[in-house]
Amino acid sequence: MGIFDRLTGRGPRASGEERKDRPVPRHIAVIMDGNGRWAKKRGLPRKAGHKVGAETFRTIATYCKDIGVKYFTVYAFSTENWKRPQDEVDALMNLFRTYLKEAAETMVARGVAVRVLGDLSVLPADIQRQIDEVHALADTLGEDAATASLCINYGGRDEIKNAVRALAHDVQAGRLRPEDITEDTISAHLYTAHMPDPDLIIRPSGEVRTSNFLLWQSAYSEYYFTDVLWPDFSTKDMDAAIDDFNRRSRRFGGV
C-alpha cells in the first residue's frame with residue numbers, strides 16, 4: 001500500500017475490474033485542481049496534497065490506458081504558478097525531481113508513454129535532463145503507445161503566442177506565405193501537434209473555468225465539472241465522467 005492508499009483510505013481499482021462495455025474518449029484531459037485544499041482539510045502542508053495528487057495522476061493515467069483511452073493529458077504546473085509562494089514552487093520542483101522519472105519507468109512498464117509539454121526552457125537544468133530521459137523512455141514504446149502527458153510551465157495563451165511567433169519567422173524567412181496559414185498549420189506548431197484535440201476535459205475541485213488550459217485545442221471539447229478534489233479523484237469518478245460524456249450529442253457546429 002502506497003502513500004495514495006494510506007492518505008486517502010483507498011487504493012486503485014483492482015486489475016480486471018475495468019469496464020469494457022462502453023466506448024471511451026480517445027483523448028481525455030484534466031485540470032488537476034484541489035491539491036492544496038485537500039491538504040488544508042487534513043491539517044497538512046500544501047506539498048502533501050501535491051504529492052498525493054501526483055500519485056492520483058499515475059493511478060488515473062494507468063487506468064485510462066487499461067480501458068482504452070489513447071491520450072491522457074494533465075495540467076501540472078502553469079505559467080502563472082510561478083507566482084505562488086516560493087516554498088510551494090520549490091516543493092513542486094522537488095516533486096518533479098523525485099517523482100518524474102520513477103513514475104515514467106513504472107508507467108512504461110505498464111505500456112504508458114510519459115511526455116512533458118510546455119515551455120521547458122525555463123525549468124531547472126537538472127529537471128530538463130530528467131525530461132529528456134523520460135522522453136527517451138517513452139520512445140522505446142513506439143508511436144502507437146498510450147500516452148500520458150504532463151503540462152509543465154504551460155499556458156494556453158503562451159502556447160498560441162509561441163506558435164504565432166514561429167509562423168511569423170517562417171513568413172519572414174520566405175518559407176511560408178501568409179495566405180497558406182490554416183488551422184492545421186497553427187495546430188502543427190502547438191505543443192500538442194502529435195495528438196488529437198481532447199474529446200473530454202475534466203475539472204475537479206468545484207471550480208468552473210478553463211484556467212488557460214488547451215485554449216486552441218478545446219474548441220469542441222466536452223467539459224465535465226466535479227466537486228471532488230483531485231487527490232480524491234478515483235477510477236469511479238473517471239467512470240462517471242466518461243458515462244456523462246457518452247450521454248452527450250457532439251455536433252461540432254452541425255445539426
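**View 1. The buried residues of helix α6.** Gly156, Asp158, Glu159, Ala163, Leu167 and Asp170 are the buried residues of α6. Keep in mind, as you explore, that this is a predicted model. What lies over these buried residues? The cover includes β4 (146–154) and α7 (183–187). Here is a handy idea for looking at any such helix: an α-helix has 3.6 residues a turn, so residues three or four places apart point the same way.

**View 2. Helix α6 from end to end, and what follows.** Helix α6 runs over residues 156–172, which makes 17 residues. How far does α6 reach from its first C-alpha to its last? The helix spans 24 Å, close to the 24 Å expected at 1.5 Å a residue. Following α6 you will find Gly174, a residue with a positive phi near 80°.

**View 3. Ser205, a serine with a positive phi.** Now let us visit a loop. Ser205 sits in the loop between β5 (200–203) and β6 (222–225). Its phi is positive, about 85°, although Ser205 is not a glycine. Is Ser205 buried or exposed? Ser205 has a relative accessible area of 7%, so it counts as buried, the cut-off being under 20%.

View 4. Asn212 is a residue other than glycine, and its phi is positive, near 65°. Why is Asn212 called buried? Because its relative accessible area is 15%, and buried means under 20%.

Conventions:
Residues numbered from 1 in each chain as written. Predicted model: local features only at pLDDT ≥ 70, side-chain atom pairs only at ≥ 80, totals over all residues. Heavy atoms only, no water. Helix = DSSP H or I, 4+ residues; strand = E, 2+ residues; numbered from the N terminus. Buried < 20%, exposed > 50% of the residue type's maximum accessible area, 1.4 Å probe, protein only. Expected span 1.5 Å × (residues − 1). Contact = heavy atoms within 4.5 Å.
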